[in-house]
Amino acid sequence: MSAKLTAKNVYKVFGSSPETALDLVEQGKTKDEIFESTGQTVGVHDASFEVDEGQIFVVMGLSGSGKSTLVRMLNGLIPPTSGSIMVDDTDVASCSGEDLRKVRRDKISMVFQHFALFPHRTVGENAAYGLKVKGVGASERREKAQNALDQVGLGAYADSYPDELSGGMQQRVGLARGLCAESEILLMDEPFSALDPLIRRDMQDELLQLQRSLKKTIIFITHDLNEALILGDKIAIMKDGRFVQVGTAQEIVGEPADDYVAAFTQDIDRSRVFKVKTIANEPRSLTLQDSLADAVERMEKLERDALFITEGDKIAGVLSYREAAPALRNGETTIDPVLNRDYAAVQGEAYLHEIYEAASAGMPIAVMDGDAFVGVVRPSEVFAQLVRGEEAAAEAGDRMTAA
Amino acid sequence: MWSPSDIYEMPFGDWVDFAVKDWLVPNFRPVFQSIRIPVEWVLDGLDGFLNFVPMVVFTVVLVAIAWRAAGRGLAIFSIVSLIFLDLIGVWSETMTTLAMVTTAVFFCALFGVPLGVMAARSDRFLKVLRPVLDVMQTIPPFVYLVPIVMLFGVGTVPGVIATFIFALPPITRLTNLGIRSVREDLVEASYAFGSTPRQVLWEVQIPLAMRTIMAGLNQTLMMSLSMAVIAALIGAGGLGLTVNTGLGRLDVGLATEGGIGIVILAIILDRITQSFAERRSSTSPSLTGILRSLFSSGKPARPAADKQAA
């Protein structure tokens, strides 16, 4: 995969003489110190990142962290003070107005927090705005707008006006406007923040579903870590204009870079971040031909309550110690009679919260990759992973309050 | 008690007198005379046309417009009041005043809207323009009547020019205000999809500012009408002249006839233009949209609303 958008050492200083502020930045002064001495605000501080084609890159931060400034620099709505932002071969940070317009028309479109739909245009005209600006003819515009609206499930509303639609529907129009321009990069500036929680969930799911077929490169801004974790292939956490940590959802939650990130991840439902495969153990299974004595001995040695028994490359069933040990004492020699052929299996890509029910049976769960048996998860390990987060967060919280 | 004027009395009036009489008038009279030409052209055309159209035809057309724009109430009022004006014998004067006012409003819109757009896009230009507009709005018209006569002569054209000075500020100010109060994120969205500044202006800012601009047009129109009498002091005809003549002869009846004519014109024109400004609360109409709705059949509602109702 190649990088679609690359930002290198991007700075933004708001104020009358950004150079002096940049000098202070180089001397290692903090944002507050610089504001005190010069009255200038460092909006974005040395942001560097790459977004691969087809990836969802989420920038997460609280208000004032510079995330909205950052996303506006990517399409030149706010010119950066220094640094470069390459979109394919064009440096948005330094190109001419004409080139910048070309990038905006053909390569980058944007979805806004408060929808920013034009109230004097119909939904269809709103969706087609990017094409109209480009000079595309009316009939082609209408056809493409209809396609885009169909994609977001608003095909029937092309002739309505935005104020006749609900908030969620309006943002779908905003999304359709972004899709209709047929650009490869979609900037989304807190697109779901103004929506009700339930509708927000729907929109997130729908975005993921659309993304599966569209494969756009998406830069998504949010202040909601949950949203970031659900959507992001790669997540950047921003604080005071800097990237504190960049990584996958599991990296952010599993190994928070500092106390700030740890404090954020404290309330996160880890079962929705971690996949089953991250806690799976190597399967120490026996085959159906092995003797019951071997099986019991192995369980005792490994301190396990149960073992998977295979037959060829398939799983034959699960053998529990509770049943195997009495059977051995009663003179049973083969595994087959005491084998429990009912067993739980999940895909390695599943999230932990999806295996709660299977785990509640107390038996180990087989982890599959397609049809192949690749690992075992014991119920106790599921809860160990969840508890680990609580402990880490509590520690971080203590440190934060102590400091 | 001592005051600074004990030492020096400033002949400010003499300076202004000198600047106008001995410098502006001899050096620039041809320039000002050439300004007359387009005004004269529009004014004579309108005046000739309005006085040529038979009273009945004009009434029917105006009543139709009033009906479309503001409803049945205004239509009935228009019929009754126009017939009344004809009965009391000031029809021709009314048409002349209407021509003057329309000409003044036309030139106010022609210059005021672009000035307002420029002021909205440049804070520096607004800083220069604002005191000029303040002066135009607050200086008593009588003060500039004399230099206008010197530069443009007497008659209806100089009257229109005086009206122009008096009535230009509201439409300029409200155009500026309207464009500046277009939601920032809409402008941003427009730019984000690759619009040129010109496209942002025509596709987003002007349509969304149209309501405010129309309110400015309404104000400009009202101020033009209120200048009708003052303009008559420098030779403009119409209802203003009727009022002035009545005043000179202490003829209360004649003055009232002229005054009532101005009031009736003001009410009809105000209601019609206000309905343009108020129409369609969220979706501001474009100018062509307004014109189309005036001439098309059916209620001037939004097409989508019609479709959904159907």
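A polar contact is a pair of N or O atoms within 3.5 Å; within protein, one atom must be able to donate a hydrogen and the other to accept it, and residues adjacent in sequence count only if both atoms are side-chain atoms. By that rule, 10 residue pairs are in polar contact between chain B and chain A, both residues at pLDDT 80 or more. The model is predicted: local features need pLDDT of at least 70, side-chain atom pairs count only at pLDDT 80 or more, and totals for chains, interfaces and linings use all residues. Residues are numbered from 1 along each chain as its sequence is written, chains are lettered from A and ligands numbered from 1 in the order in which they are written, and side-chain values use heavy atoms, with hydrogens and water left out.

Stay with the interface. The elements of chain B that give two or more residues to the side touching chain A are α8 (184-192), α9 (197-226) and α14 (303-309). Helices here are DSSP runs of H or I with at least four residues, strands are runs of E with at least two, and both are numbered from the N terminus. The largest share, 7 residues, comes from α8(B). By type, this side of chain B divides into 11 nonpolar, 9 polar and 6 charged residues. Nonpolar covers Ala, Val, Leu, Ile, Met, Phe, Trp, Tyr, Cys and Pro; charged covers Asp, Glu, Lys and Arg; the others, Gly among them, are polar.

In contact terms (heavy atoms within 4.5 Å), 26 residues of chain B meet 29 residues of chain A. Together the chains bury about 2300 Å², 58% of it on carbon and sulfur atoms. Buried area is the accessible area (1.4 Å probe) that two parts lose on being put together, summed over both.

Salt bridges come next: a side-chain nitrogen of Lys or Arg within 4 Å of a carboxyl oxygen of Asp or Glu. Between chain B and chain A there are 3. One links B:Glu203 to A:Lys132, with the closest N and O atoms 3.4 Å apart.

Over all chains, the whole structure holds 24 salt bridges. One of them pairs A:Lys4 with A:Asp88 at 3.2 Å between the closest N and O atoms. A:Lys4 lies in strand β1 (residues 3-14) and A:Asp88 in the loop between β4 (82-87) and β5 (90-91) of chain A, so the pair ties together parts 84 residues apart in sequence.

Finally, the chain A layout. Its domain assignment gives domain 1 (3-268) and domain 2 (277-383). Their centres, taken over C-alpha atoms, are 47 Å apart.

Methods: Domain bounds come from an automatic or database domain assignment.
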